[in-house]
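This briefing is intended for a reader who is meeting the structure for the first time. Please consult the sequence and the model while reading the points below.

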Amino acid sequence: MKVSVIALAALTLAIGPLAARADSSASSPWVVRVGVHTVDPKSDNGTLAGMKATIGSDTQPTFSLEYRFDPHWSADVLAALPFKHTVRLDGTAAATTKQLPPTVGVQYRFMPEAAVSPFLGVGINYTRFFETRGVGPLQGTHVSIDSSFGAAAHAGLDFRINDRWLATADVRWMRISGDVHVNGTRVGKATIDPLAYGLSIGYRF
């Protein structure tokens, strides 16, 4: 989270002069956000080949595009640079993998005109794993993780800077799990179900 806070501060300083001059007559329903998020898998990630699996977290830049149907309801699409995770079996690093978790959802804002506006949302996540490689005891083997479809939930706070600029702190839960194969043989299911939390700066245009 320290990385997220530093990044948000840098973004705020960068857009400060622009925000001060922004046109206060913003009426477009589109909001674009740039930020940083940490994908933090749950602590129990299942059993692979009879061994306890744990999957590490990672932090990457994220991007989202939101369309506001009215002051309360909106829909958004979340994208990111690839997250990289280390898979450990009984505490020993056994594989690394990258994943992209695009998520589509709808949100409801309880106080859309307030300076601090809380919201809740639900959606659908698709996660694609790629560049999965065996390390340590699995060095030289072919490791793969199946793609995943699952539900997603979203909660956060929008902090209004002015009519065009805003900052957002949010957290998402995603249902992510996929069968793991080593040299073509299924060895179990990795259940990730992470929290993705972070900070972003948004512009309404």
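Six aromatic pairs are counted in this predicted model. In one of them, the ring centres of tyrosine 67 and phenylalanine 69 are 5.3 Å apart. Their planes meet at 70 degrees, and because an angle over 60 degrees counts as edge-to-face, the pair is placed in that class.

**Aromatic residues**

- Tyr67 and Phe69 belong to one aromatic cluster together with Trp30.
- Tyrosine 67 has a relative accessible area of 30%, so this residue is classed as partly exposed, lying between the limits of 20% and 50%.
- Phenylalanine 69 has a relative accessibility of 54% and is therefore classed as exposed, the cut-off being over 50%.

**A charge over a ring**

- The face of phenylalanine 119 has arginine 109 lying over it.
- The distance from arginine 109 to the ring centre is 4.7 Å.

- Threonine 127 is located in strand E9, which spans residues 116-134.
- Is threonine 127 buried or exposed? Its relative accessibility is 0%, so threonine 127 counts as buried, the limit being under 20%.
- The side chain of threonine 127 makes a polar contact of 2.8 Å with the side chain of asparagine 125.
- When residues up to four places away in sequence are left out, threonine 127 touches Gln99, Leu100 and Pro101, as well as Ser147, Ser148 and Ile176.

Methods:
Residues numbered from 1 in each chain as written. Predicted model: local features only at pLDDT ≥ 70, side-chain atom pairs only at ≥ 80, totals over all residues. Heavy atoms only, no water. Helix = DSSP H or I, 4+ residues; strand = E, 2+ residues; numbered from the N terminus. Buried < 20%, exposed > 50% of the residue type's maximum accessible area, 1.4 Å probe, protein only. Polar contact = N/O pair within 3.5 Å; in protein donor to acceptor, adjacent residues only side chain to side chain. Contact = heavy atoms within 4.5 Å. Phe/Tyr/Trp six-rings, centres within 6.5 Å; stacked < 30°, edge-to-face > 60°. Lys NZ or Arg CZ within 6 Å of the ring centre and 35° of its normal.
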